[in-house]
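Please keep the model open while reading this note. The points below go residue by residue and pair by pair.

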Amino acid sequence: MVEEQKRRILTDLKDVRESLNVIRDDLNSLNEQKESAFKEKSEIRKEIIKLITEVKKYKDERDQCTSKVKALKKQRDEVNITIKNLIEKHQKVLKDNPDLAKKADFKPSKKINAVKIKKTIEELEFKLETSVMSFEKEKLMTKEIKDLRNELKNDTSSDDSVSEKEIFNLSREISKNKKIAKDLHKNVTELATKSQENHDIIINISKKIDDFKEREQKILDNFNDFKKKYSSKRKEKSGFEKKIKEIRENLDGEKEENKQVSEENKKEIIKEKVGEVENKLKTGKKLSTEDLLAFQMGKKILKFKEII
């Protein structure tokens with residue numbers, strides 16, 4: 001191989017090595033970007049999972065509220081039906097008893113007092129039977145019960161008509177059921193408000209999840225792009241490494257070739273020197289010590305190479 005070719009090969013080797021170094025730097029940079037994108041994607045995925053868990057919690061709460069609202073509405077509707085039926089009965093009794101209708105807005109007097117007296121007697125008797133008290137206090141309570149019984153016995157309202165009592169009971173039941181319906185409606189409103197609040201929270205969190213998913217997709221696209229570029233650079237790197245190997249093999253081949261040429265040249269020189277000495281011997285010329293040493297050494301070397 002001529003010197004010009006050798007210089008060109010060495011120049012190519014230098015250029016390839018420099019290109020390989022650039023590719024290695026690119027690979028390191030791409031790997032860092034790829035790992036950074038993967039880390040960011042993993043963090044976003046954690047946030048998405050966290051938000052999805054929150055959504056599930058609020059959905060469960062919302063669904064529970066909705067279920068309770070449904071049940072309470074059913075109860076409220078049943079109570080309202082009861083109220084409607086009681087009002088219809090109340091109106092019917094008034095219609096059937098015109099005299100009662102005239103004093104429909106009467107203020108409770110002895111009739112209502114009798115009811116209260118009965119209730120007071122029941123309360124005092126219960127207290128007398130279940131509470132611990134002094135003898136004097138027990139005597140006073142017993143006397144109070146006796147007096148109330150006498151008052152009830154002498155109450156002329158005990159002869160009130162059945163219809164008037166029915167009106168009173170119906171009015172009381174209507175008031176009682178209206179209070180129940182009002183409480184149920186209040187509970188329905190509170191639970192419905194809570195359900196709507198949870199629903200609004202779910203909507204907001206869902207929007208956040210969508211935003212995170214959009215960011216995640218962009219990062220995933222970047223990650224895949226870095227991955228492709230990284231793979232392409234690795235192939236390019238392999239190509240340059242292969243090229244360097246080929247150049248080195250060419251250089252090694254040239255060295256071996258030069259070595260063989262050098263060996264052949266040495267052999268020719270030795271043969272030439274041995275031939276000169278042999279000519280001197282044939283012509284009877286005087287041999288110097290150098291000639292003799294060269295002749296002997298040359299013969300040995302040539303013989304050894306023949307053996308090889």
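1. Start with Ser 195. Its relative accessibility is 9%, so Ser 195 counts as buried (buried means under 20% relative accessible area, exposed over 50%, partly exposed in between, with a 1.4 Å probe and protein chains only). Ser 195 sits in helix α5, which covers residues 162–283 (helices are DSSP runs of H or I, at least four residues, numbered from the N terminus). Leaving aside residues up to four places away in sequence, Ser 195 touches Arg 62, Cys 65 and Thr 66 (contact means heavy atoms within 4.5 Å).

2. A word on the basis. This is a predicted model: local features need pLDDT of at least 70, side-chain atom pairs count only at pLDDT 80 or more, and totals for chains, interfaces and linings use all residues. Residues are numbered from 1 along each chain as its sequence is written, and side-chain values use heavy atoms, with hydrogens and water left out.

3. Next, Asn 177. Asn 177 also belongs to helix α5. With a relative accessible area of 10%, Asn 177 is buried. Its contacts are Val 79, Thr 82, Ile 83 and Leu 86, again not counting residues up to four places away in sequence.

4. Ile 180 is another residue of helix α5. Is Ile 180 buried or partly exposed? Ile 180 counts as partly exposed, because its relative accessibility is 34%. The C-alpha atoms of Ile 180 and Val 79 are separated by 7.5 Å, while the two residues are 101 residues apart along the chain. Val 79 is also one of the residues that Asn 177 touches.

5. Now the aromatic rings. The structure holds one aromatic pair (rings of Phe, Tyr and Trp, the last by its six-membered ring, pair if their centres lie within 6.5 Å; planes under 30 degrees apart count as stacked, over 60 as edge-to-face and the rest as tilted). The partners are Phe 38 and Phe 223, with ring centres 5.7 Å apart and planes at 40°, so the pair is tilted. Phe 38 lies in helix α1 (residues 3–96) and Phe 223 in helix α5, so the pair ties together parts that are 185 residues apart in sequence. Phe 38 is partly exposed at 41% relative accessibility. Phe 223 is buried, at 13%.

6. Lys 57 lies over the face of Tyr 58, 4.6 Å from the ring centre (a charge sits over a ring if NZ of Lys or CZ of Arg is within 6 Å of the ring centre and within 35 degrees of the ring normal).

7. How many salt bridges are there? The count comes to nine (a salt bridge is a side-chain nitrogen of Lys or Arg within 4 Å of a carboxyl oxygen of Asp or Glu). One of them joins Lys 34 and Glu 35, at 3.3 Å from N to O. Lys 34 is buried, with a relative accessible area of 12%. Glu 35 is partly exposed, at 40%.

8. Another salt bridge links Glu 43 and Lys 46, at 3.8 Å from N to O. Both residues lie in helix α1, three residues apart, about one turn of the helix. Glu 43 is partly exposed at 41%, and Lys 46 is exposed at 54%.

9. Finally, helix α4. Lys 143 and Asp 147 form a salt bridge at 3.1 Å, N to O. These two are four residues apart in helix α4 (residues 135–154), so about one helical turn separates them. Lys 143 is exposed, at 51%. Asp 147 is partly exposed, at 37%.
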